[in-house]
Amino acid sequence: MCIFCKIVNKEIPSNIELENDDFLAFHDINPKAPVHILAIPKLHVDSFNEVTPQMMSGMTAFIQEVAKKVGIDKSGYRVITNVGENGGQEVAHLHFHILGGSKLKWGHFSDSDPKNMI
């Protein structure tokens, strides 16, 4: 059982922002923006490669609801999902980072090494 499944099962505490029957949103413990929330399906799905269109439909509405609840829906926000090791996925459970609360820079490639690109 992965760490996010343990959060879903309330075995590990988290700062929950929103929850419904299918999805859970909680604050990231290592925020990269003033607002940094993770949105996950309660059903374990390894990554975006395995998600179904039906689940994404529900996830889209849920993410929009989270953005509205935390007050970043009008000012703007970024939604990111990482897929696999090279994509930066650290937990093998589908999750979306919802970042906002300030003007976000586009500096996520600063730690990549273009010399090792294929």
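Author: One term before we start: contact means heavy atoms within 4.5 Å. This is a predicted model, where local features need pLDDT of at least 70, side-chain atom pairs count only at pLDDT 80 or more, and totals for chains, interfaces and linings use all residues. Residues are numbered from 1 along each chain as its sequence is written, and side-chain values use heavy atoms, with hydrogens and water left out.

Reader: OK, what is V66 in contact with, leaving aside its neighbours within four places in sequence?

Author: L18, A25, I37 and I98.

Reader: And which residues touch the most other members of the largest nonpolar core?

Author: M59, F62, V66 and I98, out of 18 residues. Such a core is a set of buried Ala, Val, Leu, Ile, Met, Phe, Trp, Tyr and Cys residues joined through side-chain atoms within 4.5 Å; buried is under 20% relative accessible area with a 1.4 Å probe, protein chains only.

Reader: Which element gives the most to this core?

Author: α2, with six residues. Helices (H or I, at least four residues) and strands (E, at least two) are DSSP runs, numbered from the N terminus.

Reader: Switching to β5, how many of its residues are buried?

Author: Five of five, across residues 96–100. F96, I98 and G100 are on one side, with H97 and L99 on the other.

Reader: What does β5 pair with?

Author: Strands pair if DSSP finds at least two bridges between them. β3 runs antiparallel to β5 with five bridges, and β4 is also antiparallel to β5, with four. V79 stands opposite I98.

Notes: Buried means under 20% relative accessible area, exposed over 50%, partly exposed in between (1.4 Å probe, protein chains only).
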